[in-house]
Amino acid sequence: MQSFCYLANNEADTSQLGANLTDQLPVTAMIGLCGTLGAGKTRLVKAIAEAYGVPAETVVSPTFTLCNEYTGRRPIFHFDMYRIADEDELHEIGFDEYLQRPGLTIVEWADRFAEAMPVDKLTISLDVLSETTRQITLTAETATYENLLEALALKLS
């Protein structure tokens, strides 16, 4: 397991992280986002989506829809697990099928169903340090994402 910590002092820093992250992601990728309400999970998704050509204003938290699909240079499947009651409901909404589709699957509140997430994923934890500052920790458990973190760390250093 390998981690990379990034200090985002403002939304522009978060956007920079999102843009640089997209350069490294495999064709089919999974990102699990963790953090409290208001930590910046959806803001990071917007940054990633914008880097793929999706207009920022179309990217919203799927808290009530559970999944939003965005079309840019690659498909993005944006899930929010906050209102999912249990693993049965997770399967009912077709989560497993989305993981098989080519594209980027991003899950907010991934820690609520950690056991249902694939092993081959990038986990991003956002911790609130102040009104505008976030400590963002990216963790890889497989070689695919460990290599990504190494390249990202070089790019952002």
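**Contacts and overall form**

I began with the contacts of the chain, and among those between residues at least 6 apart in sequence, 65% join residues at least 24 apart. I note here that the model is predicted. I then went through the secondary structure and found 5 helices and 7 strands, which run from the N terminus in the order β-α-β-α-β-β-α-α-β-β-β-α. The radius of gyration is 14 Å, close to the 15 Å that the globule rule gives for 157 residues, so I take the chain to be as compact as a globular protein of that length. For the extent of the C-alpha trace along its principal axes I have about 40 × 35 × 30 Å, and I noted that 52% of the 157 residues count as buried.

**Nonpolar cores**

I looked next at the largest nonpolar core, which holds 33 residues, and those that touch the most other members are Leu21, Leu25, Ile31, Leu104, Leu122, Ile124 and Leu138. Among the elements that give two or more residues to this core I listed β1 (2-8), α1 (11-22), β2 (29-34), α2 (41-51) and β5, together with β6 (122-128), β7 (134-140) and α5 (143-156). The largest share, 6 residues, comes from α5. Apart from this core lies another, of 17 residues, and I wrote down Met30, Leu66, Val107 and Met117 as being among them.

**Ala19**

I turned to Ala19, which lies in helix α1 and is partly exposed, with a relative accessible area of 33%. Not counting residues up to four places away in sequence, Ala19 touches Ala47 and Ala51. I also checked Ala19 against Leu138, and their C-alpha atoms, 119 residues apart along the chain, are separated by 14 Å.

**Glu108**

My last entry concerns Glu108, which lies in strand β5 (residues 104-108). Is a salt bridge present or absent at Glu108, and what is the nearest side chain of opposite charge? I found that Glu108 is buried yet has no salt bridge, and that the nearest side chain of opposite charge, Lys41, is 4.8 Å away, where the cut-off for a salt bridge is 4 Å. The side chain of Glu108 does make a polar contact, at 2.8 Å, with the side chain of Thr42. Beyond residues up to four places away in sequence, I recorded that Glu108 touches Leu33, Lys41, Thr42, Val45, Ser61, Pro62, His78, Phe79, Asp80 and Met81.

Conventions. Residues are numbered from 1 along each chain as its sequence is written. This is a predicted model: local features need pLDDT of at least 70, side-chain atom pairs count only at pLDDT 80 or more; totals for chains, interfaces and linings use all residues. Side-chain values use heavy atoms; hydrogens and water are left out. Helices (H or I, at least four residues) and strands (E, at least two) are DSSP runs, numbered from the N terminus. Buried means under 20% relative accessible area, exposed over 50%, partly exposed in between (1.4 Å probe, protein chains only). Lys and Arg count as positive and Asp and Glu as negative; His and the chain ends are not counted. A polar contact is a pair of N or O atoms within 3.5 Å; within protein, one must be able to donate a hydrogen and the other to accept it, and residues adjacent in sequence count only if both atoms are side-chain atoms. Contact means heavy atoms within 4.5 Å. A nonpolar core is a set of buried Ala, Val, Leu, Ile, Met, Phe, Trp, Tyr and Cys residues joined through side-chain atoms within 4.5 Å. The radius of gyration is taken over C-alpha atoms; the globule rule is 2.2 Å times the number of residues to the power 0.38.
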